Number of protein chains: 2
Amino acid sequence: MSTDRQTSILSLNAFAPGDAEGLPDDLKAMVERRKKSFGPSSILFYRSPIHVASATGARITATDGREYLDFYNNVPSVGHCHPKVAEAVYRQMKEANSHSRYLYDIVETYAERLLATMPEPIAHVTFTCTGSEANDLALRMARMATGAHGIVVTRGAYHGNTTAVTEISPSSYKRGGPPAFVKLVEPPSEAAYGKDIATGFERAVAAAVAELKAEGHGFAAFVADTIFSSDGVFTDPAGFLKPTIDTVHREGGLFVADEVQPGFGRTGTHMWGFDRHGVAPDLATPGKPMGNGFPLGGVFSKPGLLEGLQENFGYFNTFGGTPAAAAAGLAVLDVIAEEELMARAVNTGALLKERLTALGGKYATIADVRGAGLYLGVTIADTKAGSGANADPTSRIVNAMKEKGVLIGVAGLGADVLKIRPPLAAGEAEAEAFADRLETVLSELGLD
Amino acid sequence: MSTDRQTSILSLNAFAPGDAEGLPDDLKAMVERRKKSFGPSSILFYRSPIHVASATGARITATDGREYLDFYNNVPSVGHCHPKVAEAVYRQMKEANSHSRYLYDIVETYAERLLATMPEPIAHVTFTCTGSEANDLALRMARMATGAHGIVVTRGAYHGNTTAVTEISPSSYKRGGPPAFVKLVEPPSEAAYGKDIATGFERAVAAAVAELKAEGHGFAAFVADTIFSSDGVFTDPAGFLKPTIDTVHREGGLFVADEVQPGFGRTGTHMWGFDRHGVAPDLATPGKPMGNGFPLGGVFSKPGLLEGLQENFGYFNTFGGTPAAAAAGLAVLDVIAEEELMARAVNTGALLKERLTALGGKYATIADVRGAGLYLGVTIADTKAGSGANADPTSRIVNAMKEKGVLIGVAGLGADVLKIRPPLAAGEAEAEAFADRLETVLSELGLD
């Protein structure tokens with residue numbers, strides 16, 4: 001992966017500070033305040049950033065009164081500002097909310113409810129506050145259990161922001177790349193492996209493992225987000241991961257399923273991304289949607305992995321799995337069941353995919369439509385790429401959609417994939433509206 | 001520090017699974033549930049753990065109706081379940097709560113309010129969810145800015161739980177110790193440095209820096225919790241850190257002030273621990289009390305440190321500084337001001353210190369009383385140490401206090417310091433009750 005492509009994934013739908021001049025005065029003032037406080041870590045979306053007033057379901061309303069159809073955010077997975085989650089957190093924050101060195105009914109109940117959704121051999125949960133903390137801890141556990149340091153990930157992977165997980169997140173590097181003990185394989189696409197993705201991907205991972213061993217790093221784990229989101233969304237055929245996971249285990253490594261993206265029913269058919277592939281992880285790390293905006297993550301592990309950690313270190317996470325976090329998490333599980341959000345993800349996702357596939361038949365700009373449930377990727381063909389600031393059709397589409405009141409993002413090694421990932425609360429009417437506006441944008445941009 | 005002592009700090013006030021037999025049936029059942037779900041990561045306090053029903057101010061009520069005076073928890077710093085914090089979070093979770101790639105009035109306001117409490121040269125804030133994430137990020141920034149890898153910390157330091165910050169947390173190691181690029185200095189005690197702690201500590205840090213440079217690691221940062229909590233609470237004389245920080249800067253390193261323990265007014269006289277020493281940090285990392293139980297942390301940095309991070313990596317923290325987190329954080333700042341909690345910390349802390357010092361005159365078991373504001377350390381002399389399970393007087397006191405309805409913890413390299421750290425909401429009546437019960441316990445245990 002070239003440095004240019006890396007940079008473009010990270011910046012393609014970001015606000016560039018130089019664009020501030022063209023903004024309305026109040027928005028410009030807000031951007032200035034943000035830049036002053038956050039400094040170079042101020043990262044805002046879109047050429048004209050959004051000043052949020054309120055949000056509900058799959059809709060965000062800005063302070064200028066504009067309403068946006070949110071097809072981008074997977075944290076508010078059961079819907080922005082879901083009252084059931086807010087009320088559960090409120091009730092618990094008024095009642096009791098300290099750390100898990102004390103016992104609480106709600107924490108024990110939540111842990112058991114979650115574990116009941118996990119297959120054998122998963123036995124334990126260790127709560128954290130974020131998916132990053134979860135992956136950082138899972139890495140430590142995998143390395144302690146195997147006595148090896150080497151990790152295999154895909155070339156466009158993102159697994160979080162701590163020092164250790166940044167090393168296994170090639171998409172985070174703007175210069176250079178991960179250290180030698182991290183080997184990269186191409187994402188599981190037809191472009192890389194042809195029709196037989198299962199075999200091709202397994203061979204690539206096996207070769208990476210052999211390389212790690214030959215170089216003396218040993219093989220600790222294969223870490224994968226099983227919808228390969230940042231790689232560009234590669235979900236099919238379901239089951240293609242099976243031979244890879246068999247090889248991982250045969251080679252003495254662990255399979256860490258990063259469930260930050262696919263977890264909590266996003267694929268519709270399964271609660272967890274690994275389930276969809278008919279494989280079971282040694283460690284699974286959910287995050288973002290887990291608390292619908294309340295910081296919550298976790299490491300699920302099979303027996304025998306926590307012992308090494310606790311024999312060597314006094315690991316404890318103060319904010320991980322507090323009663324308020326458990327209240328948020330339980331409410332999320334309840335809402336997924338009560339509002340049948342997984343069935344909705346199947347139906348809404350199917351409709352959306354059908355509409356986008358139909359658009360693909362009409363507009364050559366749409367090179368491919370893929371995904372599972374409510375996580376879709378649309379590859380944009382570089383049909384009319386020219387020079388100048390507006391040359392990149394993906395960026396043009398994302399920003400034009402924003403101006404039409406629809407929020408989406410960008411993914412993929414070539415930063416050429418529309419990342420479509422609405423809250424699971426999005427319904428068929430929203431899917432139709434989304435497809436209609438995409439067609440308008442393609443037509444208006446002359447991208448036929 | 002010997003391995004034995006390390007282990008004892010971590011386990012001295014922990015529930016040992018073997019103790020479950022003596023517990024009441026309902027508590028025993030809860031402990032069993034916890035052990036099954038959490039596995040070896042189940043860490044519970046006290047020989048007989050607490051099953052919490054509710055909490056308010058500095059009081060926790062268990063499900064068996066027992067009330068505990070909480071002189072241990074610094075997360076609910078403005079008081080357990082403070083209604084103002086709960087309501088602020090609730091209001092925001094119902095209104096708008098996505099990540100900081102959008103703009104929100106409440107996030108900008110909170111960032112500015114916090115930055116106004118920080119001295120020159122601090123200019124920016126980067127929000128995280130925990131103190132661990134904050135220290136992990138601060139380490140990366142310090143290493144990038146200096147091009148060096150070496151860190152100096154105290155021998156009993158604790159700075160968090162990620163892979164990278166565990167390396168600079170010697171108190172987390174149950175076996176062995178930190179890597180070669182982390183040099184340890186003795187905590188700033190009279191025992192280690194004599195009367196002139198300022199000079200002695202500076203010389204120790206200078207020697208550690210020289211060692212790092214001689215070994216080729218270079219010197220990136222001196223990281224310190226400025227009340228040296230896990231080291232055993234060493235706060236005096238205020239200002240003793242000044243020569244050390246001057247040396248750190250002269251040697252080209254950065255001073256990272258870990259404000260997880262002293263921050264948000266715990267010392268009473270100052271909002272931040274470094275302020276009390278008349279020094280300014282290059283990076284400051286608050287955590288625990290920041291959101292009074294809502295996961296929230298941050299890295300405060302001087303100009304020029306975030307550039308390296310953002311030029312090399314696409315750092316972003318999804319849950320860091322969300323509107324709900326900002327709401328919690330703003331409410332905490334408001335309550336500290338409205339309820340004059342810093343003045344209370346001064347007064348309550350002074351009364352508590354006076355009462356404990358008087359007890360020290362009466363009971364030889366109390367070897368030393370020290371601390372600032374509402375963070376006190378009481379060294380327990382090993383006067384009657386014998387053999388057998390109950391030989392350790394510190395452990396006996398902590399568990400006997402728990403049975404008398406008072407919660408405290410243990411700190412120090414020798415695990416011989418009572419860690420007294422109530423919510424700032426604790427008042428004079430609670431301080432008197434605490435001292436009374438400690439006297440009863442010392443008397444009943446025959447520790448004169």
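Predicted model: local features only at pLDDT ≥ 70, side-chain atom pairs only at ≥ 80, totals over all residues.

Residues are numbered from 1 along each chain as its sequence is written, while chains are lettered from A and ligands numbered from 1 in the order in which they are written.

**Stop 1: where the chains meet**

Select both chains. The contact takes 79 residues from chain A and 79 residues from chain B; two residues are in contact if their C-beta atoms, placed from the backbone, lie within 7 Å. Elements that give two or more residues to the side of chain B that touches chain A include helix H2 (25-38), helix H3 (83-95) and helix H5 (131-146) of chain B. Which helix gives the largest share? H3(B) does, with eight residues. By class, this side of chain B has 40 nonpolar, 24 polar and 15 charged residues. Here Ala, Val, Leu, Ile, Met, Phe, Trp, Tyr, Cys and Pro count as nonpolar, Asp, Glu, Lys and Arg as charged, and the others, Gly among them, as polar.

**Stop 2: the axis**

A rotation of 180° with 0.0 Å of shift along its axis superposes chain B on chain A, with an RMSD of 0.0 Å. This is the relation of a two-fold axis. The superposition is by least squares on the C-alpha atoms of residues with pLDDT of at least 70 in both copies. Select Tyr90(B): of the residues of chain B, its C-alpha comes closest to the rotation axis, at 2.7 Å. The copies meet through the same surface, because 100% of the interface residues of chain B are also interface residues in chain A.

**Stop 3: the sheet of chain B**

Show the strands of chain B. Seven of them form an open sheet with mixed pairing, in the order E4-E10-E9-E8-E7-E5-E6; two strands pair if DSSP finds at least two bridges between them. E4 and E6 (182-185) of chain B stand at the edges, each with a single partner strand, so one side of each is left without a neighbour in the sheet. Next, select E7 (219-224) and E8 (254-258) of chain B, which run parallel and are joined by four bridges. Ala221(B) stands opposite Leu254(B) in E8(B).

**Stop 4: two helices in chain A**

Select H8 (197-214) and H9 (242-250) of chain A. They pack at an angle of about 25°, with their axes 8 Å apart. Axes are lines fitted to C-alpha atoms, for helices over the stretch in contact, and angles run from 0 to 180 degrees between N-to-C directions. H8(A) and H9(A) are therefore roughly parallel to each other (angles under 35 degrees count as such). Residues that meet include Phe201(A) and Val205(A) in H8(A), and Thr247(A) and Val248(A) in H9(A).

**Stop 5: loops**

In chain A, a cis peptide bond joins Asp236(A) and Pro237(A), with omega about -5°. Pro237(A) lies in the loop between E7 and H9 of chain A. Finish at Asn292(A), which has a positive phi of about 50° although it is not a glycine.

Definitions and conventions. Parallel < 35°, antiparallel > 145°, perpendicular 65-115°, else oblique.
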